[in-house]
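Work through the exercises below with the sequence and the model open. Each task is followed by a solution in steps.

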Amino acid sequence: MKPNSLCNPNRCFLFSLCSLFLITVSCQNVQDSPFSESAINALSTMEIAPPFQIELVASEPLISDPVDMMIDENGKMYVVEMHGYPLDESGTGKIKLLTDSNGDGQIDNSIVFSDGLTLPTGIMRWKNGVIVTDAPDVIYLEDTNDDGKADVRETILTGFALSNPQHNLNNPLYGLDNWIYLAHESSVATQAYKKEFGDEGEAIFYPVHPHGSRLPKNANGRNIRFRPDSHLLEMTAAASQFGQTFDSWGNHFLLNNSNHIYQELIAERYLQRNPDLLVTKVTQTLSDHGQPADVFPITKNPQHQLLTTVGVFTSATGLEAYQGGAFPKEFDNSTFVAEPVNNLVHVDKLADDGVSYTASRVYQQKEFLASTDSWFRPVNIYTGPDGALYIIDYYRKFIEHPEWMAKEVVESGELYEGTEKGRIYRITPVGSKPADWSKSLSLGEASIGQLVEALANTNIWWRRNAQRLLLDRKEKEAIPLLREMAKNVDAPLGRLHALWTLEGLGQLSIEIIKQALMDPVSGIRENAIRLAELYLNEALGLRDALLSLKEDADPKVRYQLLLTLGFVDAPAVSQARQDLLFKDIKDEWFQIAALSASSVQHSTLLDAVIDHSAADVSAYAPLIHKLSTMIGRSGNLKEIQWQVQRSTKKDSEEVSEWQAAILKGLAQGIKSKELVSSDFQVVQNSLIRAFFEHPSESVREGSLQILRVIGLPNSSISTIALDRAEKTIQNKHQSIERRAGAVYFLALDSPERHIPLFKGLITPGEALPVQLAALHTLSSIPGQIVSGYLLEQWKVLSPEVRKAALHIFLNDPIRAKLLLDAIDAGQIQKTNLDQGHRIRLMTQQDQALKDRARTMFAENDDHQRQEIIERYKSALDLKGNALEGKQVFLQNCSSCHQIGGEAGTDFGPDLATIRNRRPASILNDIINPAQSIADGFDLWTIMLNDDKSIQGVVSAETPTAISIQQIGGQETTISRADIRSLIPLGMSAMPVGLENNINLQEMADLLAYIREAK
């Protein structure tokens, strides 16, 4: 609801919802306030949900451009100012030290604690100073003479990419486990600002310990955790954009622009222990109300830019799990997240959901906090020592990066408008007193006993800082007190923090761990398992204590137990892992956890899975496939041969599904091994027989997939089989599937020997799958014979066959030149090539071919694109028909896009996410897709160790694997060990020239359909 003024607006700035809240500067003259008049007036633009109040704590002229804050144990507030956003790298960033001289809850004094920073993004209290993230460095600042200014500046870590500030490392956070976590992701592939933000980073390391821990280039774009005292440094499994948070039990929640909350569910240490397992997913999205979720701004005259997505999350930042203890109980387990583009703060309630959580919006059709002021830019959220939420308002006219702005806006001179402004707000329940921590807070002077007591505080600020201070002091007096707190039945959070504080001090005993494993609170049992993991090799007695949790009622406890037991190689433990797996077989996370074990017995587990498998439970087939892939990757020939033999038998139709899953998994796994055909002589005959005679098409496909990898035996059996395949191809009475499969089988021989046969199959009267099989086979033959034949037949080839035929031209430079010649001669039209074909031509290794292709497809040129946009602007004035627009979408867009998760291929961005953009912005994207590439949808080339390459969008990354989605939707998972290089192409996968297929009315219809999407 909107606040109403309860007094003369010329004399004071009181507003409330029926006395809901009181602004702390009420009835003061503006001249007497430390706040600017603009900042005070901004309060009247805000709507905050009951039962909360909002007040101004700090504003210009004392602060400007704030992006993060921290209140230390002595009641001093530090604020990070990033003045350089979006393009200034000249060193204008600052850290301000703020104080409240009279204790009235209003900041009235500021001092520059440190300056000369590039684009600082976060701050955390550490030792007697602060840790600040400022790419490419993580730095430590300290004031040693109490003058309020840092006189010590040390670089702790270096090597991070200095990229678009939205993507730089940020928000350092002290974890429950005594590690410091940094939010971090890959450097952005910039197009317009390569000079400023083209840096991709370097190896990350401690400059004072250069020969110690070292991470790969820019940490592979993942979050970092480190312990400065011991120079430990690790990557986590996931990445986060701007912000991160932990809940009370140490669960790690992350975000990116469009996904406002997801959770890392498997740590990197579990993924590294079994190199045969390729995992493509390490996080789970929690929102049950869409991704991106709808938001409900109230902004008047919003400053939305050309590529701003309106009405959904487009700039989620500053995620904060509320653990302040001052809000009503119903806000326990709530998360708050800022949305600066839409000028609001959103809140969700977390509920248990298996191994993870579900995040549900608290307020329907409205937000926790929103402003009518388009300059209100909440970018971060902080829980203070008083339990209040502090909202950090960057307060700028523009928050979007110019990479995604219209040219005229970038050149307007207004990019930095508002850089002299900035605000920090305090949110508390109605009736709360003003902040008094500036005069009353003295945790830094607390006794050891008081610090231990603070571990049980309901406010995470006290627990986190007390734990950190206890580790800093390292006093023996704390040990018995911590052991007592670890047994305190009335303080579950105190028990939890005492356990981890003892661990950090090296004083955690096995008996205390065993006690914690039996704790009545599931979150403590889960953490006790993690703690036990640190001592598995030292205390064998812990194993029995862990195994006693096998039947725990909480799935999170069972999941963590399964992960931890993966480090133990013992028969009883292996059996326990199987039991845990089968209890939760339908949960993919339990499958990953079971397979990640360093001592997993592939064959034994596979037998058990097959024995337990049920036809009506779909979870078994993918698990069998994963296990078989691991067997293939292990290179254990005896095991591989046995699995092939059992999977090619035709005992009954019922077992064919698991047989096929084994064969296809083995084929995928052995691709990565340097094996020769003679290694498989024992099973080649079985595979040939299964290909021709097995009743299951899936088993036949799986047999062929393995034969493609291992080849045919050098014997008369192969001659007979090839002859049989040729007869099958020529027999029109055989099924299309059998004949197409026989073509692929014949390709196992030297394809050159069968060119006449294959050519004869490429005719309009032949079944399409047979034609495509022949084309695919011909593409493996080097030279110009095949490509010349295709040019001769081009006029009679059907569209689908032409599309496939073009791939043959793209396999080597000689054919690519023939294709370009044919286009120049008019033999092939440029419109016959889709964007995937064009990109492959424009990214040829041969520079002359690359230049020629880029010149040929010069409609990508901005000037020509702009002329087309101007021509199509008249479509904006036409009345569109959404029903007709759906047909336009299906014919022209569905090969790469979906609408609301339906009707198309999940390759490019879901077009429902842009439905609230201005029609002119959507039109610009359609006509000129290369102007700006949405985050996560830029094209890459992956060069493999075997000299092959794959192009597409990186759809998932984990510590051990990369998944790449190719144009058309096919997804391939590649082990990092098989990758030679990963090259960004700086191109959009969306085709240019779509206007050639869509007239003005059809464009109006398409826009109407997109705008109505749900």
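**Exercise 1: a strand residue**

Leu232 has its place in strand 18 (residues 232-235); strands (E, at least two residues) and helices (H or I, at least four) are DSSP runs numbered from the N terminus. This is a predicted model, in which local features need pLDDT of at least 70 and side-chain atom pairs count only at pLDDT 80 or more, while totals for chains, interfaces and linings use all residues. Residues are numbered from 1 along each chain as its sequence is written, and side-chain values use heavy atoms, with hydrogens and water left out.

Step 1. For Ser213, the separation from Leu232 is 19 residues in sequence and 6.5 Å in space, C-alpha to C-alpha.

**Exercise 2: a loop arginine**

Task: find which backbone oxygens the side chain of Arg377 reaches.

Step 1. Arg377 sits in the loop between strand 27 (369-371) and strand 28 (378-383).

Step 2. Arg377 has a relative accessible area of 1% and is therefore buried.

Step 3. Its side chain reaches the backbone oxygen of Lys397 at 2.7 Å and that of Arg396 at 3.1 Å. Such a polar contact is a pair of N or O atoms within 3.5 Å; within protein, one must be able to donate a hydrogen and the other to accept it, and residues adjacent in sequence count only if both atoms are side-chain atoms.

**Exercise 3: the cover of a helix**

Task: determine how many residues of helix 15 (residues 588-595) are buried and what covers them.

Step 1. Seven of the eight residues of helix 15 are buried: Trp589, Phe590, Gln591, Ile592, Ala593, Ala594 and Leu595.

Step 2. Their cover includes strand 22 (283-285), helix 13 (555-565), helix 14 (571-583), helix 16 (602-612) and helix 17 (620-634).

Step 3. At the N-terminal end, Asp587 caps helix 15, with a side-chain oxygen 2.8 Å from the backbone nitrogen of Trp589.

Key. Buried < 20%, exposed > 50% of the residue type's maximum accessible area, 1.4 Å probe, protein only. Contact = heavy atoms within 4.5 Å.
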